[in-house]
Amino acid sequence: MLSRRPKVLVIDVGGTHVKVLASGRREPREIPSGPSMDASGMVAAVKRLTADWRYDVVSIGYPGVVVHGRPVAEPYNLGRGWVGFDFRRAFGRPVRIINDAAMQALGSYRRGRMLFLGLGTGLGSAMIIDGVLEPMELAHLPYRKGRTYEDYVGRGGLERLGKKRWRRHVADVAERLQAALEADDVVVGGGNAKLLKTLPAGVRRGDNANAFLGGLRLWDDRRAHTDGVRAHDAHGRRSRGLGRERG
């Protein structure tokens with residue numbers, strides 16, 4: 001175990017861009033992603049992009065299902081080859097992987113029962129209850145007319161419906177899920193959250209920078225010890241946990 005707080009490289013993998021930030025750095029860097037990007041290509045591109053940065057460990061926000069610190073399904077909007085990839089070996093450093101929406105949720109958390117909805121290429125979701133993080137997969141549940149939540153509030157829905165109708169559906173989905181999950185705090189984040197003009201009561205706009213904060217918290221063992229949120233590293237070993245913001 002590292003005797004000091006490690007320098008963390010946080011990687012937020014998205015359907016159109018990969019964004020990175022490291023401990024002590026103020027400005028994130030990014031590269032395009034897309035259907036041709038596989039895991040090895042992402043690692044190679046990130047290593048080139050951050051060649052002048054120093055870091056001890058890596059946090060990855062992955063746009064898909066993660067179980068015990070490992071991707072278990074290929075992402076919808078990227079290339080293949082993510083499941084089973086050895087990220088620790090590729091980076092030469094310890095790696096912790098978490099769902100990308102869960103990483104932004106972790107950075108957005110204050111207290112109580114918080115639902116996070118990430119509006120981007122698709123719909124990401126996670127919930128934190130009294131400091132315990134639970135990544136969720138709400139995107140592909142049925143919503144209306146044989147279509148899913150993601151079909152209406154993801155990028156495809158925005159392009160199909162136009163901004164005005166898309167905004168109405170975002171508000172409706174947020175209110176429905178808030179009621180169903182009894183959330184007392186709902187955060188709407190992701191790249192398309194900036195397109196929202198107003199938000200329903202009990203819903204606040206997230207900041208994409210919170211994904212980087214969440215990635216840093218993955219390695220904050222002091223918070224992990226006190227808050228009891230569980231994570232795993234990229235080889236399935238249980239970590240001490242995840243932090244939460246107070247006040």
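**Reading a mixed sheet and its ring contacts**

Modeller: Strands β2 (residues 17–22) and β3 run antiparallel and are joined by four bridges, where two strands count as paired if DSSP finds at least two bridges between them, and where strands (E, at least two residues) and helices (H or I, at least four) are DSSP runs numbered from the N terminus. This is a predicted model, in which local features need pLDDT of at least 70 and side-chain atom pairs count only at pLDDT 80 or more, while totals for chains, interfaces and linings use all residues. Residues are numbered from 1 along each chain as its sequence is written, and side-chain values use heavy atoms, with hydrogens and water left out.

Colleague: Which residue in β3 is the bridge partner of K19?

Modeller: K19 has E30 as its bridge partner in β3, and D12 stands opposite K19 as well. The hairpin of β2 and β3 has six residues between the strands, and there G24 takes a positive phi near 85°. β1 and β2 also form a hairpin, with three residues between them, and pair in the antiparallel sense over five bridges.

Colleague: In what order do the five strands form the open sheet?

Modeller: The order is β3-β2-β1-β4-β7, with mixed pairing. Because β3 (29–32) and β7 (95–99) each have a single partner strand, they stand at the edges, and one side of each is left without a neighbour in the sheet. From one strand to the next the twist averages 15°, angles being taken from 0 to 180 degrees between N-to-C directions of axes fitted as lines to C-alpha atoms, for helices over the stretch in contact.

Colleague: Which strands does helix α3 touch as it packs on the sheet?

Modeller: Taking contact as heavy atoms within 4.5 Å, helix α3 (residues 100–108) touches β1 (8–13), β4 (57–62) and β7, and its direction makes about 95° with that of β7. Helix α7 (residues 210–217) packs on the sheet too, touching β1, β2 and β4, at about 130° to the direction of β1.

Colleague: Where does the charged end of R93 sit?

Modeller: A charge sits over a ring if NZ of Lys or CZ of Arg is within 6 Å of the ring centre and within 35 degrees of the ring normal. The charged end of R93 sits over the ring of Y55, 4.2 Å from its centre, and R96 lies over the face of W219, at 3.8 Å from the ring centre.
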